[in-house]
2 protein chains.
Amino acid sequence: MAEAQPTLSSDDATRRIRRAAVRLFHERGYHGTPVRALAQMLRMEAGSLYYHFPSKQQILVDVLEGTLEELLQGLQEAVAAARGPRAQLVAAVRFHVLFHTRRREEAFVSGSELRSLLPAHRRAITARRDRYERVFRDLLRRGVEAGVFTVSDVKVAAMAILTMGTGVASWFWEGGRLGPEAVADQYAEMILRMVQSARKGRRP
Amino acid sequence: MAEAQPTLSSDDATRRIRRAAVRLFHERGYHGTPVRALAQMLRMEAGSLYYHFPSKQQILVDVLEGTLEELLQGLQEAVAAARGPRAQLVAAVRFHVLFHTRRREEAFVSGSELRSLLPAHRRAITARRDRYERVFRDLLRRGVEAGVFTVSDVKVAAMAILTMGTGVASWFWEGGRLGPEAVADQYAEMILRMVQSARKGRRP
DNA sequence: GTCTATAACTAGATAGAC
DNA sequence: GTCTATCTAGTTATAGAC
């Protein structure tokens, strides 16, 4: 009976709407996307959308909540499955980058349209994003304490790593030379070199 | 008689308008900013703006052209003033990061509102951004050829470096613990570690 | 569950007074 | 150079037929 999906209702229609909204919000932005354009992409009239959603704003809220929830949960699982700061950082970076290639539109929208949320909605979303960032900071801090990592400033390094990965959503191209796995591997390698203590745990 | 400013006319009024537009486009996005809101911030009526600009779109074009031009020129000067791939990369990264802290709103808008440009305008702006990116790619390539840098893929590394720096505009806070110089130094250090060949040119 | 029609409002832009 | 007034078109959202 009950499906795996926890928070959001997800009948076929609402999922189609969310997917189309992601596409258009990514292409033109939330305020740059009229409800009519969204309806047109779904081959319906604008009025029909309001049977499924009470407002355009609520579509955005659903998209962001869903994406941030998936990001946070996926990151926690990835980190929990690895042992030691080095392996955990690799797992975290790989997850972060893979998400930003495979789900680049959602990821991009979740980063860029926070400002389009009404203040009440923004709080909940921002809280989740902060928890996501803290996972990276904690992970770096533990690595520094263990002597595996060397960074001048944990917070700056965490933001550098996060935005570097987030940026993938802005340049990655699905049909390009490199696939998600190749990019994720290279990012993990670069980031390891960036934070790793000299002559510690190098691979040939 | 003629001033240093090359392309854009810059009497006091148009500069005030551009500054206010940057603020609002950053806060709410181009499509999320009504002309009336811009006028209100400048304590004038909406109609008055059209004495200085023919359209809202043209304000955006002016902002982006000006910012991208400054970015490109500043980067070229910074690189030209340094000798050798290592020093040039440090100079480039420092310039890039400093710009994204000191001019964070402009820099952010220039990255996020390309999609709000009419296609005709977009071409010119995109061309300049591509030239900016190429400076980093060339610089990395020369370093690899000289054996100073080791990267798996020059294009990926260049995008990683660029988006890492661009990301600074999204988290840097003017009144924060670290100033622009401190952040720029840390980024330069992290990025050097990221691309530098092992046991080459290290500083203590 | 989707349509048509429309209400209520806001958008960008213009005209002409001062 | 700025104001007031206004035009036209587009915006989100609702109501009621089917």
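Buried means under 20% relative accessible area, exposed over 50%, and partly exposed in between, with a 1.4 Å probe and protein chains only. By that rule A:Arg43 is exposed, at 81% relative accessibility. This is a predicted model, in which local features need pLDDT of at least 70 and side-chain atom pairs pLDDT 80 or more, while totals for chains, interfaces and linings use all residues. Residues are numbered from 1 along each chain as its sequence is written, chains are lettered from A and ligands numbered from 1 in the order in which they are written, and side-chain values use heavy atoms, without hydrogens and water.

**Chain A overall**

- Chain A has nine helices and zero strands, where helices are DSSP runs (H or I, at least four residues), strands are E runs of at least two, and numbering starts at the N terminus.
- The C-alpha trace of chain A spans about 65 × 35 × 35 Å along its principal axes.
- Chain A has 204 residues, and 51% of them count as buried.
- Among contacts in chain A with a separation of 6 or more, 70% join residues 24 or more positions apart; contact means heavy atoms within 4.5 Å.
- The accessible surface of chain A is about 10,300 Å², with 51% of it on carbon and sulfur atoms. Such areas come from the Shrake-Rupley method with a 1.4 Å probe; for residues, only the protein chains shown count as cover.
- Chain A carries 32 positive and 22 negative side chains, with the centres of the two sets 5 Å apart. Lys and Arg count as positive, Asp and Glu as negative, and His and the chain ends are not counted. Each charge is placed at NZ of Lys, CZ of Arg, CG of Asp or CD of Glu.

**The A–B interface**

- Together they bury about 2,900 Å², 53% of it on carbon and sulfur atoms. Buried area is the accessible area (1.4 Å probe) that two parts lose on being put together, summed over both.
- On the chain B side, B:Arg115, B:Val156 and B:Arg193 lose the most area to chain A, together 24% of what that side buries.
- Four salt bridges are counted between the chains. The term means a side-chain nitrogen of Lys or Arg within 4 Å of a carboxyl oxygen of Asp or Glu.
- One salt bridge joins B:Glu113 to A:Arg115, at 3.4 Å from N to O.

**Salt bridges within chains**

- Over all chains, the structure holds 28 salt bridges.
- A:Glu106 pairs with A:Arg103 at 2.7 Å, N to O. A:Glu106 is buried at 19%, whereas A:Arg103 is partly exposed at 24%.
- In chain B, B:Arg193 and B:Glu189 form a salt bridge at 3.9 Å, N to O. Both lie in helix 9 (residues 180-195), four residues apart, about one turn of the helix. B:Arg193 is buried at 17% relative accessibility; B:Glu189 is partly exposed at 38%.
- A salt-bridge network links A:Arg94, A:Arg102, A:Glu181 and A:Asp185.

**Local features**

- A:Arg43 sits in the loop between helix 2 (35-41) and helix 3 (46-52) of chain A. Its phi is near 55°, a positive value in a residue other than glycine.
- B:Arg43 also has phi near 55° and is exposed, at 81%.
- B:Glu133 lies in helix 7 (residues 119-145) of chain B. This residue is buried, at 15% relative accessibility.
- Beyond its neighbours within four places in sequence, B:Glu133 contacts B:Met159 and B:Leu162. B:Glu133 and B:Leu162 are 29 residues apart in sequence, yet their C-alpha atoms are 7.5 Å apart.
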